[in-house]
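Below is a short report on one protein model.

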Amino acid sequence: MLSAVLAVALLMSPAQRVVADSSYVPQRVFDTRQKGFADFETMIADLARADTVFVGEQHDDPNTHRLELAIVEGLTRRGVAVVIALEMFERDVQSDVERYAAGTATEAQFLAASRPWPRYAADYRPLIEFALAHHLPIVASNVPRRIAADVSKTGMTVLDRLGNERGLAAREPQCPTSGDYYDRFGEMMGDHPAAGDAVPGEVKARNDRFYFAQCLKDETMGESVAEAFQRSTGRVTIVHVNGAFHSDFGEGAAESARRRLPGRRVAVVSVLPVPDLDTVKPDDDDLKRADYLLFTVNGKR
């Protein structure tokens with residue numbers, strides 16, 4: 001005879017089983033404003049008062065994705081009206097997301113139409129299914145990758161030729177070629193030198209085009225978050241999930257949203273997988289990275 005626990009588990013929906021499986025993730029929370037370790041529930045209580053929360057992830061770390069779900073679950077259990085927005089889905093598949101949420105498309109149809117990221121089933125499905133089970137709106141926030149790819153090849157003039165698709169990218173992108181974010185992006189691209197005998201000027205021009213593509217993603221995601229907030233009725237918190245570079249140091253997509261939501265609180269969480277939770281100690285740069293540093297045991301594949 002089945003045990004009572006097993007019998008209940010078999011009757012649970014897939015979304016409910018996902019939540020049950022994610023009950024524990026090793027983690028430590030560091031509050032950079034207080035310059036000390038806090039606890040997960042204290043962080044959730046504070047994030048519940050934010051208008052938008054950017055959660056910066058490490059794409060290839062399983063514990064990171066489980067903690068993203070834990071944040072949304074924690075806010076929901078506190079009665080917060082949460083809207084989930086994701087870098088991993090692009091604006092042109094918003095209608096596909098909504099059809100799946102409404103139950104007028106199967107999961108197979110949704111995945112066939114929405115260009116999910118690799119490892120969707122393990123990394124992002126739990127979050128999507130939790131949202132559906134709790135009737136949380138889902139926003140596909142990113143610019144379509146084909147547009148970003150064209151920008152990386154020819155520059156921002158691509159936007160002038162989009163015609164009816166112009167609304168798939170941020171309306172008024174601001175992409176200054178100076179400042180900390182531009183410099184950090186340049187340092188990252190320094191690890192990818194141009195092939196052949198490209199002269200320095202050509203390398204810079206190429207890297208600038210890559211930066212404009214990155215910036216367009218940031219600007220579009222920030223605009224998507226701002227528009228989702230402005231469309232909402234009543235008190236809501238928009239939780240946006242993205243690669244950490246897009247929101248670390250309050251820059252990128254986080255700054256894009258902040259500029260479009262004057263007077264609103266934009267909180268940033270950066271999830272940082274580490275080898276040993278007990279010896280972790282944030283350095284001076286980490287203290288500037290986010291409102292909360294969410295350390296977890298490195299589980300990268």
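Strands S7 and S8 (residues 292-297) run parallel and are joined by six bridges. Within this pairing, serine 270 stands opposite leucine 293. The model is a predicted one.

S7 also pairs with strand S3 (residues 52-57), again in the parallel sense, over five bridges. Here glycine 56 stands opposite serine 270. S3 in turn is joined to strand S6 (residues 237-243) by six bridges, and these two run parallel. Valine 53 has valine 239 in S6 as its bridge partner.

| Strand pair | Sense | Bridges |
|---|---|---|
| S7 and S8 | parallel | six bridges |
| S3 and S7 | parallel | five bridges |
| S3 and S6 | parallel | six bridges |

**The whole sheet**

These strands belong to an open sheet of eight, in the order S2-S1-S8-S7-S3-S6-S4-S5. The pairing is mixed. Strand S2 (36-38) and strand S5 (138-142) stand at the edges; each has a single partner strand, so one side of each lacks a neighbour in the sheet. From one strand to the next, the twist averages 30 degrees. Helix H5 (residues 94-102) lies across strand S4 (82-90) and S5. H5 runs at about 165 degrees to S5.

**Strand S7**

How many of the nine residues of S7 are buried? Nine of the nine are, so S7 (residues 266-274) is largely enclosed by the rest of the structure. Val266, Val268, Ser270, Leu272 and Val274 point one way. Ala267, Val269, Val271 and Pro273 point the other way. Both sets are buried.

**Leucine 294**

Leucine 294 sits in strand S8. Its relative accessible area is 0%, so leucine 294 counts as buried. Beyond its neighbours within four places in sequence, leucine 294 is in contact with a list of residues that includes Val269, Ser270, Val271 and Leu272. Also among the contacts of leucine 294 are Gln27, Arg28, Val29, Phe40, Met43, Leu67 and Ile71. Threonine 64 is 230 residues away from leucine 294 along the chain, yet their C-alpha atoms are separated by 9.0 Å.

**Serine 114**

Serine 114 is part of helix H6 (residues 107-114). Is serine 114 buried or exposed? Its relative accessibility is 2%, under the 20% cut-off, so serine 114 counts as buried. A polar atom of the serine 114 side chain lies 2.7 Å from the backbone oxygen of phenylalanine 110. Leaving aside neighbours within four places in sequence, serine 114 is in contact with Phe89 and Val93.

How values were computed. Residues are numbered from 1 along each chain as its sequence is written. This is a predicted model: local features need pLDDT of at least 70, side-chain atom pairs count only at pLDDT 80 or more; totals for chains, interfaces and linings use all residues. Side-chain values use heavy atoms; hydrogens and water are left out. Helices (H or I, at least four residues) and strands (E, at least two) are DSSP runs, numbered from the N terminus. Buried means under 20% relative accessible area, exposed over 50%, partly exposed in between (1.4 Å probe, protein chains only). A polar contact is a pair of N or O atoms within 3.5 Å; within protein, one must be able to donate a hydrogen and the other to accept it, and residues adjacent in sequence count only if both atoms are side-chain atoms. Contact means heavy atoms within 4.5 Å. Two strands pair if DSSP finds at least two bridges between them. Axes are lines fitted to C-alpha atoms, for helices over the stretch in contact, and angles run from 0 to 180 degrees between N-to-C directions.
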